[in-house]
Amino acid sequence: MGIWDPDELHRECVGLVGAGVLTWGQLGVGTLSDVDICEPPEPFEVSLQEAIQMIWVKLGQLEQAPACIPPCGHQPAARVFQCATCRLVDCQFPVDCPVQDVWVHEDEAITLHCDVPFAVPPELQVTWMFAKDIRTQDLALFEELQRGIGEPPSLTVQDPTLGTIACRLGAASETLARKYFYLNVSGGSVEAEQELQARFRAVLRWPQGRAPLHLTTSLQLGLVLGVAGLVLLLLLLL
């Protein structure tokens, strides 16, 4: 078998078309010219070089992937292609974020935010869950509170209860992140504590060498009770 010669094939093609041996319909090319039909293919090296140049042009139009933001969350926008292994690589962070401690009074309203420092789709499902009386990240211990799509990722809790509140960004099968808030609930009212703090600040602002009347009376009463208690102790010892 002889070596295939593109130039020879081209000459034969042009000759057949010119002699009317082949029709345009047989060639299946419509109204293209004989030069278009019988043009020999480009060498492999030329085609490969053109393909490489096209790839570099496409790559140059791509935006640089953002950096991975710790400490948690699946961040698709930060995914990069690793040439050494020829595969896509995600940020090496867990989906579960560390538990955050939240201190709150039992009669206080609190708003929790399920936001993350990386970009997420706008129409993202947000699910809130609660595990009573424990600090945990075990999903089997949580009960669902509410679920929504495209809503602000926040939850307002009235009269909070001791336990862990969790939020999940995304569906269960495509979770981007899970955040956990442990509610440390203390007794008493917010108003009582604010009043106590106000009185304490008033004492700190009082001029040196002077004291409020109610504070002076309290100190005098305490001194009298202390002396009386000491005298009674001495009498018992005698």
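The model is predicted; local features need pLDDT of at least 70, side-chain atom pairs count only at pLDDT 80 or more, and totals for chains, interfaces and linings use all residues. Residues are numbered from 1 along each chain as its sequence is written, and side-chain values use heavy atoms, with hydrogens and water left out.

The largest nonpolar core holds 20 residues. A nonpolar core is a set of buried Ala, Val, Leu, Ile, Met, Phe, Trp, Tyr and Cys residues joined through side-chain atoms within 4.5 Å. Buried means under 20% relative accessible area, exposed over 50%, partly exposed in between (1.4 Å probe, protein chains only). Leu112, Trp128, Ile165 and Leu169 touch the most other members. A second, separate core of 5 residues includes Met129, Ala131, Ala166 and Tyr180.

There are 2 aromatic pairs. Rings of Phe, Tyr and Trp (its six-membered ring) pair if their centres lie within 6.5 Å; planes under 30 degrees apart count as stacked, over 60 as edge-to-face and the rest as tilted. Trp128 and Phe181 are stacked, at 6.4 Å centre to centre and 25° between the planes. Both Trp128 and Phe181 are buried. The rings of Phe142 and Tyr180 have planes at 50° and centres 6.0 Å apart, so this pair is tilted. Phe142 and Tyr180 are buried too.

Thr161 is partly exposed, with a relative accessible area of 36%. Beyond neighbours within four places in sequence, Thr161 is in contact (heavy atoms within 4.5 Å) with Phe130, Lys132, Leu183 and Val185. Thr161 and Leu183 are 22 residues apart in sequence and 7.1 Å apart in space, C-alpha to C-alpha.
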